[in-house]
Protein chains: 2
Amino acid sequence: MNIPDNYKVIFVQGGASLVFAGVPMNLMKKGKAAYIITGQWAKKAYQEAQKYGEAIEVASSADKTFSYIPDCSDLDIPEDADYVYICENNTIYGTKFKTLPNTKGHILVSDVSSCFLSEPVDVTKYGVIYGGVQKNVGPAGLVISIIREDLITDDVPSYTPTMLKWKTQADKDSLYNTPNCYAIYICGKVFKWLLANGGLEAAKQRNEEKAAILYNFLDQSKLFKGTVEPNSRSLMNVPFVTGDADLDAKFVAESKAAGLENLKGHRTVGGMRASIYNAMPKAGVETLVSFMEDFEKKNLK
Amino acid sequence: MNIPDNYKVIFVQGGASLVFAGVPMNLMKKGKAAYIITGQWAKKAYQEAQKYGEAIEVASSADKTFSYIPDCSDLDIPEDADYVYICENNTIYGTKFKTLPNTKGHILVSDVSSCFLSEPVDVTKYGVIYGGVQKNVGPAGLVISIIREDLITDDVPSYTPTMLKWKTQADKDSLYNTPNCYAIYICGKVFKWLLANGGLEAAKQRNEEKAAILYNFLDQSKLFKGTVEPNSRSLMNVPFVTGDADLDAKFVAESKAAGLENLKGHRTVGGMRASIYNAMPKAGVETLVSFMEDFEKKNLK
């Protein structure tokens with residue numbers, strides 16, 4: 001990812017949930033922001049922003065359990081909105097924005113926690129990109145924020161905690177206090193590994209190849225089906241179901257017994273979910289599909 | 001440390017600097033609090049609290065560069081103060097409260113970042129004990145807070161970030177979001193090591209023994225002198241000077257060349273500082289004193 005000269009990278013201790021408050025504190029100058037609700041984390045960010053001003057839901061996919069990304073080409077965004085907010089990849093539901101919203105000239109703020117460094121990003125399209133590092137980059141407990149420098153100011157509400165004011169960390173190059181050194185160290189190792197392995201273009205190719213193996217299987221399976229509309233599918237998180245809760249439970253139990261971990265869907269949606277982040281090799285996806293093929297043969301009525 | 005039944009332990013991502021805001025947000029019900037200023041971190045906590053109500057300085061040792069702990073036996077604490085705040089061990093200045101302040105019935109809040117798990121603590125004397133783990137307990141990026149349960153409420157100002165409201169983490173046993181798992185894992189290892197090595201009573205004995213070696217040397221040295229009043233001396237951080245800035249610089253350079261790391265005093269006070277946390281063995285202190293004896297012989301005019 002090329003970081004343009006007019007953007008600053010800061011390392012923030014904690015998780016994205018803390019930044020949910022930091023975004024409106026630092027950006028809601030006129031007291032209004034547009035939120036696109038594509039899942040639980042976008043909704044939590046939206047609810048948090050309501051504490052600090054008028055957060056307006058301008059699109060949502062709640063009507064179909066967040067199984068798609070809404071059309072964001074012509075949203076009703078208030079002219080005086082300070083920013084438009086998205087959660088770009090929705091871990092629980094397996095969706096991803098393939099096209100960024102038409103913000104109609106407003107600043108775009110994106111939580112990229114679960115797609116960070118999975119593919120190249122044109123930073124200039126955003127005002128703020130931020131993500132917890134715990135999916136593709138490093139151990140939990142650290143957020144990396146990439147912020148357009150003109151958005152880093154002292155003009156924040158008086159109640160803004162020093163540590164949530166972006167300028168605090170920007171002015172001190174993220175060393176205002178002792179940072180999460182171990183997580184930053186590991187992130188550095190991952191950055192070097194990515195660069196040594198073809199950078200983000202190559203990461204994208206690997207991720208597309210891995211996801212295609214799984215989606216192609218799901219699209220022809222007579223037992224399993226993906227839960228996400230094809231044009232909203234994440235490269236990172238692939239939820240699927242059999243349509244029968246008992247059979248889903250059997251699949252989760254048997255796959256776990258076979259050494260395939262963490263295939264149970266998030267407790268809020270059920271079913272199964274394969275998270276195939278950068279660290280998951282192609283062979284892991286192939287093993288999963290092979291297991292699913294066997295399971296289908298044994299269980300298809 | 002025995003945690004009484006009516007106290008809750010929560011793990012907070014980030015550092016003490018973030019808790020500086022969390023304390024007044026969660027505790028300033030009447031909008032007033034008493035702060036004892038014994039160094040830079042106490043002062044930062046005090047300044048942060050001013051954003052959220054009336055923070056009152058009831059004692060300070062700023063007059064002598066924080067080289068002592070003020071007498072806190074009879075402070076002028078407003079009756080309607082919500083709490084009394086201290087930084088119990090002051091890393092930069094090498095002081096420690098040997099006697100807790102007489103809070104006159106008010107809740108005591110203590111930042112124990114740099115003396116956490118160095119000795120036994122009677123938790124019941126405090127309303128809130130909190131500390132960044134990065135000195136004695138684990139890697140930076142995590143705070144452990146021990147909070148009397150009646151102080152954990154939903155009654156916080158509307159602008160309080162969800163992640164700074166203690167009840168958020170208390171209700172979810174610190175799993176509201178993905179915590180700093182690695183740091184918590186390492187803390188667990190350290191807890192087990194401490195328990196297997198005599199617990200906090202034994203830790204205190206080891207720390208007193210280590211500190212005595214250094215303080216005894218300083219008290220008889222003709223070249224070096226400790227900067228802290230004897231009855232305020234920390235077991236963890238031992239600052240000392242020769243009284244000659246050039247000689248201090250020579251000591252720092254030569255000790256570093258001899259493999260003794262991090263002896264330079266904090267940039268705000270100069271001189272030298274030996275931090276002898278739990279992880280520093282007695283042999284490390286003996287090596288330092290031996291080096292200081294040699295340096296004194298060579299440099300005493």
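**Exercise 1. Find what share of the contacts in chain A with a separation of 6 or more joins residues 24 or more positions apart.**

Step 1: count a contact wherever heavy atoms lie within 4.5 Å. Step 2: keep the pairs with a separation of 6 or more; residues 24 or more positions apart account for 66% of them.

A word on the ground rules: this is a predicted model, where local features need pLDDT of at least 70, side-chain atom pairs count only at pLDDT 80 or more, and totals for chains, interfaces and linings use all residues. Residues are numbered from 1 along each chain as its sequence is written, chains are lettered from A in the order written, and side-chain values use heavy atoms, without hydrogens and water.

**Exercise 2. Work out how much of chain A is buried.**

Step 1: call a residue buried when its relative accessible area is under 20% (1.4 Å probe, protein chains only). Step 2: of the 301 residues in chain A, 58% are buried.

**Exercise 3. Describe the interface of chain A and chain B.**

Step 1: take the residues in contact, which are 28 from chain A and 27 from chain B. Step 3: see who contributes on chain A; Leu18(A), Tyr159(A) and Tyr182(A) supply 19% of the area that chain A buries, more than any other three residues.

Note on methods. Buried area = accessible area lost by both parts, 1.4 Å probe. Buried < 20%, exposed > 50% of the residue type's maximum accessible area, 1.4 Å probe, protein only.
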